[in-house]
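I opened the notebook to record what I looked up, entry by entry. The model is a predicted one, and I kept that in mind throughout.

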Amino acid sequence: MKKTILFVILQQYADWEAAYISSAIAMLGQEQYDIKTVSLSKDCVQSIGGFRVLPDYDLESVPKDYEALVLIGGMTWRNENAQQVAALVKDCYQKGRVLGGICDASGFLATTGVLNEVGHTGNDLNDMKQWAGAAYTGEARYISKQAVSGKNVITANGTAPLEFAKEILLAIKVASEDKITEWYNFHKLGVYTAPMPKM
């Protein structure tokens with residue numbers, strides 16, 4: 001039985017923030033996982049880069065059984081209609097499933113209250129406090145790092161798609177830690193970091 005990984009994408013989503021994770025799951029996961037997309041409706045969603053996706057699910061049809069919920073950043077998480085995603089986020093968190101958010105999606109997580117009891121990061125603490133208002137009381141647990149994982153909740157700022165991907169891959173145990181680290185190092189450092197033979 002394959003495990004389902006749900007990616008929440010809104011209009012003008014950051015396609016590169018999803019691509020590293022989904023491709024690594026497909027390459028390292030040996031066909032153990034199904035990648036599915038969720039949006040506010042089943043209408044076409046267009047990324048910042050112009051990729052057009054027909055979501056697998058809208059919020060009404062999301063399956064009850066899934067392994068992880070990953071919110072991909074983008075330009076519309078601050079729109080009022082994005083709050084429709086909050087119930088899904090809270091349900092995922094309460095069930096102890098892997099929950100991730102990167103860039104503005106990490107700020108959105110703050111608005112739902114799920115970051116108050118876990119270590120987390122985001123684009124900017126002051127912006128997170130202003131945006132989330134009274135719903136956010138987790139300032140003491142904010143960590144100024146590119147990506148933070150705590151209690152099955154993974155957050156990252158917008159500079160960290162690879163770091164975010166690595167933490168998600170580790171959380172869902174898509175492969176051994178060594179394999180995931182090797183994948184990360186290859187994409188982060190390239191093939192030219194290995195010592196060259198002396199002439």
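**Entry on two helices.** I looked up how α2 and α3 lie against each other, and I noted that they are roughly perpendicular. The angle I found between helix α2, residues 86-94, and helix α3, residues 104-112, is about 80°, and since angles of 65 to 115 degrees count as roughly perpendicular, I could therefore assign the pair to that class. Their axes are 10 Å apart. I wrote down both values because two packed helices are described by the angle between their axes and the distance between the axes.

I then asked which residues of α2 meet which residues of α3. On the α2 side I listed A86, V89 and K90, and on the α3 side I listed F108, L109 and T112. Sorted by class, this contact of α2 with α3 has 4 nonpolar residues, together with 1 polar and 1 charged.

**Entry on the cysteines.** How many disulfides does the model contain? I looked at the sulfur atoms, and the count came to 0 disulfides. For C92, the closest cysteine sulfur belongs to C103 and is 20 Å away, which is too far for a bond, because a disulfide needs the two sulfur atoms within 2.5 Å. Looking from the other end, I found that the closest cysteine sulfur to C103 is the one in C92, again at 20 Å and too far for a bond. I also noted that C92 counts as buried, its relative accessibility being 0%.

**Entry on S47.** I found S47 in the loop between β3 (45-46) and β4 (52-53). Is S47 buried or exposed? Its relative accessibility is 3%, so S47 counts as buried, the limit for buried being under 20%. I noted that the side chain of S47 reaches the backbone nitrogen of G49 at 3.2 Å. Leaving aside residues up to four places away in sequence, S47 touches Q12, Y13 and D15.

**Entry on F164.** I turned to F164, which lies in helix α5, made of residues 161-171. With a relative accessible area of 0%, F164 is buried. I looked up what surrounds F164, again without residues up to four places away in sequence, and the residues it touches include I21, V70, G100, G101 and I102, while A147, I154, T155 and A156 are also among them. Last, I checked F164 against L71, which is 93 residues apart from F164 along the chain, and I wrote down a separation of 11 Å between their C-alpha atoms.

Technical notes
Residues are numbered from 1 along each chain as its sequence is written. This is a predicted model: local features need pLDDT of at least 70, side-chain atom pairs count only at pLDDT 80 or more; totals for chains, interfaces and linings use all residues. Side-chain values use heavy atoms; hydrogens and water are left out. Helices (H or I, at least four residues) and strands (E, at least two) are DSSP runs, numbered from the N terminus. Buried means under 20% relative accessible area, exposed over 50%, partly exposed in between (1.4 Å probe, protein chains only). Contact means heavy atoms within 4.5 Å. A polar contact is a pair of N or O atoms within 3.5 Å; within protein, one must be able to donate a hydrogen and the other to accept it, and residues adjacent in sequence count only if both atoms are side-chain atoms. Axes are lines fitted to C-alpha atoms, for helices over the stretch in contact, and angles run from 0 to 180 degrees between N-to-C directions. Angles under 35 degrees count as roughly parallel, over 145 as roughly antiparallel, 65 to 115 as roughly perpendicular and the rest as oblique. Ala, Val, Leu, Ile, Met, Phe, Trp, Tyr, Cys and Pro count as nonpolar, Asp, Glu, Lys and Arg as charged, and the others, Gly among them, as polar.
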